[in-house]
Every structure is written in structure tokens, then in C-alpha cells.
Amino acid sequence: MQMGKRGHIDHLALVHDEECLQEVRRRLVKASASDGTITDFGAVRLVTFKDPDGMEGEVARWTDSKRVLGFEERKRELWPD
């Protein structure tokens, strides 16, 4: 789906801390909804997924960093095989 074309809720991403982010990551991989890659933008870290309807979503957590990295600076943490 194209961003903004799905309905009233197009994007929702909340998680409390790094431990929660890692647990959600593990569950998404187990459900085959995500490859488990965490993208680190400095001030925010996120893992993306697809729901059963094909809608893309992400779960993110804010870090203590004040700097948001651009797409070219982002870091990727791949899920171990």
C-alpha cells in the first residue's frame, strides 16, 4: 500500500526500551513478518514488518541521542542466521 492510502491509521510505532525492541524483533522474525533488521537512525532505532494484509509497519524506540542520522548515515543490524 502507498503511504497515506490505507485509512485513518497509517503509521504507529511505539516501544519502551531496547529490551522490548529486541523482543518484538524476535517475535516478528519467528512469525516470518520481518527479516529482523534493525535500522539505527541515531535518535531512533526501528524494525520493519509486514502484517497479514501486506501493510508495512515499524516498531521504533527513541534513544538518548539528540541527532537523527540521514538515510545515507543510517546503520543496519542484521538478524543473525
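S32 lies in the loop between helix 1 (18-30) and strand 1 (38-40). The model is predicted. S32 is not a glycine, yet its phi is positive, at about 60°. Most residues other than glycine have a negative phi.

S32 has a relative accessibility of 66%. The cut-off for exposed is over 50%, so S32 counts as exposed.

Strand 1 pairs with strand 2 (residues 44-50). The sense is antiparallel, and the pairing runs over three bridges. D40 has its bridge partner in strand 2: R45.

## The aromatic pair

How many aromatic pairs does a search of the whole structure find? The search finds one. The partners are F41 and F71. Their ring centres are 5.5 Å apart, and their planes stand at 85°. Planes over 60 degrees apart count as edge-to-face, so this pair is edge-to-face.

The pair links distant parts of the chain. F41 sits in the loop between strand 1 and strand 2. F71 sits in the loop between strand 3 and strand 4. The two residues are 30 residues apart.

Are F41 and F71 buried or exposed? F41 has a relative accessible area of 12%. The cut-off for buried is under 20%, so F41 is buried. F71 has a relative accessible area of 58%, so F71 is exposed.

## P80, after strand 4

P80 is placed in the segment after strand 4 (75-77). Its relative accessibility is 55%, so P80 counts as exposed.

Along the chain, P80 and G36 are 44 residues apart.

Definitions and conventions: Residues numbered from 1 in each chain as written. Predicted model: local features only at pLDDT ≥ 70, side-chain atom pairs only at ≥ 80, totals over all residues. Heavy atoms only, no water. Helix = DSSP H or I, 4+ residues; strand = E, 2+ residues; numbered from the N terminus. Buried < 20%, exposed > 50% of the residue type's maximum accessible area, 1.4 Å probe, protein only. Pairing = 2+ DSSP bridges. Phe/Tyr/Trp six-rings, centres within 6.5 Å; stacked < 30°, edge-to-face > 60°.
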